[in-house]
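User: I would like to go through this structure with you, starting with the conventions and then the details. Could you take my questions one by one?

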Amino acid sequence: MPNAQLTPLEQALDALLDDVHVNSAAVDVSLPDALGSVLAQGQQAVVDVPAFDNSAMDGYAVNTADLDGPGCLLKVSQTIAAGHPGTALETGTAARIFTGAPIPPGADAVVIQEDTRQEEGMVIIDELPSSGANIRLKGHDIAMGSEILSTGHRLRAQDLGMLASLGIDTVTVKKPLTVAIINTGDEVVAPGQPLELGQIYDSNSFTLDGLLSGLGMRVIKKGIVADTLEATESALASAADEADCILTTGGVSVGDEDHVRQAVENLGQLSLWKLAIKPGKPFSYGRIDDSPFFGLPGNPVAVFVTFVMLVRPYLLKVQGCNTTSIPHVMVKAGFETSKANTRLEFIRARLLNRGDATQELEPFGNQGSSIMTSLSWADGLVEIPLGETVQKGQLLKFMPFSGIL
Ligand code: AMP
Ligand code: MG
């Protein structure tokens, strides 16, 4: 049975998304710097792509009206290479043409090289083309004036390529958010330092830095903060000055050394949740001045899961992105569980290819919230519904990391 005192994920996410103040600032950036950024305005095609009719293949440009049957013989009157427009096609002749080269006026088809034989300045057409064959028409990819990308679209590599194909070298995007990361814990040490007994290396700031950078956001690492109220407050106050959003890890439980809650309450507002998800129960949200604040758990897998499920959609919405959800596919479980879940669970799993061309999910052996290897080993997260035991072969929601990162 679901635990009544815990907040369901959906409810927490709805409350968070309702509280978003969408960032309206926009900046012009050059195309190479725009990867991961969100378009501040829709993009119209200012030219046709392609800009001229051109050959899709290496072969011969002909006028189909000149062809009197398979095996007909034509004089090769010119050669047209990509980047070198030819002249109008002489009646009754063929033009040698290469992929991407402009179709000469008077030609209405390209016969592919494989369907011809060459003979001393002549060509024999063995297969007759239909009118329009192997011609890429002007504007058939992108028609001038059409909207190719809408406001709020997050730019991927292929979008940059498409924009470049229109001759665009600068785009107006939403100003990338600056996010501060604070890592609390007296036991936490930066990698590169020697480790004393009882200490652990900070891994959370690296995971979060990578996740945020992948979203096209700027990161300020405020470093590791001692478990005192003063140190926590001072790091939070300076983060609120510098950043659009603040993330902390650790220190949000109810232990004596957990000062994040008090510090945020002293500086702004905070609501503390116990989420009905596993991993990631302790979670808090608030604001310091105008900066939203997220208090993530300390355990690395819980940090990843809460970021992905709650912080990521929130930040994408602040950033003005028109899609905030994570893509998923339904895949058969290659395992079963014996106990019903009391929290919605996100397990780390791999896609296993079976001999019969189907795939099934294989979970990592240790699903503890501190087990970082589970995340590195896996292909994605699998949602295990609340209050259910999993049967082998049951379809489960699989969210590949490729749709998240
Ligand atoms: P806490 O919520 O502060 O009690 O932290 C929960 C667990 O997460 C503890 O075992 C911490 O040592 C661990 N932890 C906290 N911060 C980090 C960090 N930056 N990197 C890796 N593990 C951490
Ligand atoms: Mg701690």
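Analyst: Helices (H or I, at least four residues) and strands (E, at least two) are DSSP runs, numbered from the N terminus. This is a predicted model, in which local features need pLDDT of at least 70 and side-chain atom pairs count only at pLDDT 80 or more, while totals for chains, interfaces and linings use all residues. Residues are numbered from 1 along each chain as its sequence is written, chains are lettered from A and ligands numbered from 1 in the order in which they are written, and side-chain values use heavy atoms, with hydrogens and water left out.

User: Where does Pro 50 lie?

Analyst: Pro 50 lies in the loop between strand S2 (43–44) and strand S3 (54–55). The peptide bond from Val 49 to Pro 50 is cis, with omega near -10 degrees.

User: And what about the bond from Lys 278 to Pro 279?

Analyst: That peptide bond is cis, with omega near 0 degrees. Pro 279 sits in the loop between strand S19 (277–278) and S20.

User: Let us turn to the ligand. Which residues come nearest to ligand 1?

Analyst: There are 17 residues around ligand 1, and Glu 187, Asp 202, Ser 203, Gly 251 and Gly 298 come nearest. A residue is near a molecule or strand if one of its heavy atoms lies within 4 Å of it.

User: Which backbone atoms lie close to polar atoms of ligand 1?

Analyst: A polar contact is a pair of N or O atoms within 3.5 Å; within protein, one must be able to donate a hydrogen and the other to accept it, and residues adjacent in sequence count only if both atoms are side-chain atoms. A backbone N or O atom of Ser 203 is 3.0 Å from a nitrogen atom of ligand 1. For Gly 251, a backbone N or O atom lies 2.8 Å from an oxygen atom of the ligand. A polar backbone atom of Gly 298 is 3.2 Å from an oxygen atom of ligand 1.

User: How much of ligand 1 does the protein bury?

Analyst: Taken alone, ligand 1 exposes 490 Å², and the protein buries 77% of that. Accessible areas come from the Shrake-Rupley method with a 1.4 Å probe; for residues, only the protein chains shown count as cover.

User: Which elements give two or more residues to the shell around ligand 1?

Analyst: They are strand S13 (178–184) and strand S15 (200–201).

User: Now S17. How many of its residues are buried?

Analyst: Five of the five residues of strand S17 (residues 245–249) are buried, so S17 is largely enclosed by the rest of the structure. Buried means under 20% relative accessible area, exposed over 50%, and partly exposed in between (1.4 Å probe, protein chains only). Cys 245, Leu 247 and Thr 249 lie on one side and Ile 246 and Thr 248 on the other, and all are buried.

User: Which strands does S17 pair with?

Analyst: Two strands pair if DSSP finds at least two bridges between them. S13 and S17 run parallel and are joined by five bridges, with Asn 183 opposite Thr 249 in S17. S17 is also joined to strand S21 (residues 291–296) by four bridges, again parallel, and Ile 246 stands opposite Phe 293 in S21.

User: Is S21 covered or uncovered?

Analyst: S21 is mostly covered, with six of its six residues buried. Strand S20 (residues 282–288) runs antiparallel to S21, with five bridges between them, and Tyr 285 stands opposite Phe 294 in S21. S20 and S21 form a hairpin with two residues between them, and Asp 289 in the turn has a positive phi of about 50 degrees.

User: Changing topic, how many disulfides are there?

Analyst: The count comes to zero disulfides, a disulfide being a pair of cysteine sulfur atoms within 2.5 Å. Cys 245 is in no disulfide.

User: Lastly, what is the phi of Glu 120?

Analyst: Glu 120 has a positive phi of about 45 degrees although it is not a glycine. Glu 120 is in the loop between strand S8 (116–119) and strand S9 (122–125), and at 81% relative accessibility it counts as exposed.
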